[in-house]
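Here is a short report on one protein chain. Look over the sequence and the fold before reading on.

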Amino acid sequence: MSDMRTRWRTYAACLEVHPDDMFPDPRNQAGNRRAKQVCRRCPVWQLCLNDALTEEGGKRQENRHGIRGGLTSDERYLLHHRTRVQGQKAAV
Ligand code: SF4
């Protein structure tokens, strides 16, 4: 039985490329750009990004890997913390 929470993955554009292509070395700018181009044509990028942010949560920056939802691990780290700070400001 398929899990409804992960069913979106069957529509992922990255299924058409080699898995390694979505995990370039963070310093490899050309590799990161190529992976992001795959995400740009992905119909489920928003679900993917939500999943990544939920799964990674407050993980340390070095424990986030690959391009997910069109963002690098560094970009997701910043987005997570920016969103958290905005949530804290809204609660005040
Ligand atoms: S957004 Fe990118 S990493 Fe996420 S499923 Fe789509 S192609 Fe794969």
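## Model and fold

This is a predicted model, in which local features need pLDDT of at least 70, side-chain atom pairs count only at pLDDT 80 or more, and totals for chains, interfaces and linings use all residues. Residues are numbered from 1 along each chain as its sequence is written, and side-chain values use heavy atoms, with hydrogens and water left out.

The protein chain has three helices and zero strands. From the N terminus the order is α-α-α. Helices (H or I, at least four residues) and strands (E, at least two) are DSSP runs, numbered from the N terminus. The C-alpha trace spans about 45 × 40 × 20 Å along its principal axes.

## Surface and charge

Of the 92 residues, 30% are buried. Buried means under 20% relative accessible area, exposed over 50%, and partly exposed in between (1.4 Å probe, protein chains only).

The protein chain carries 17 positive and 11 negative side chains. Lys and Arg count as positive, Asp and Glu as negative; His and the chain ends are not counted.

## Helix H3

H3 covers residues 73-91, 19 residues in total. Its buried residues are Ser73, Arg76 and His80. They sit on the same side of H3, because they cover an arc of only 60° around the axis. That arc is taken from the directions from the helix axis to the C-beta atoms.

The buried residues of H3 pack against helix H2 (45-56). Contact here means heavy atoms within 4.5 Å. On the other side of H3, Gln86 and Lys89 are exposed.

Conventions
Charge placed at Lys NZ, Arg CZ, Asp CG, Glu CD. Expected span 1.5 Å × (residues − 1).
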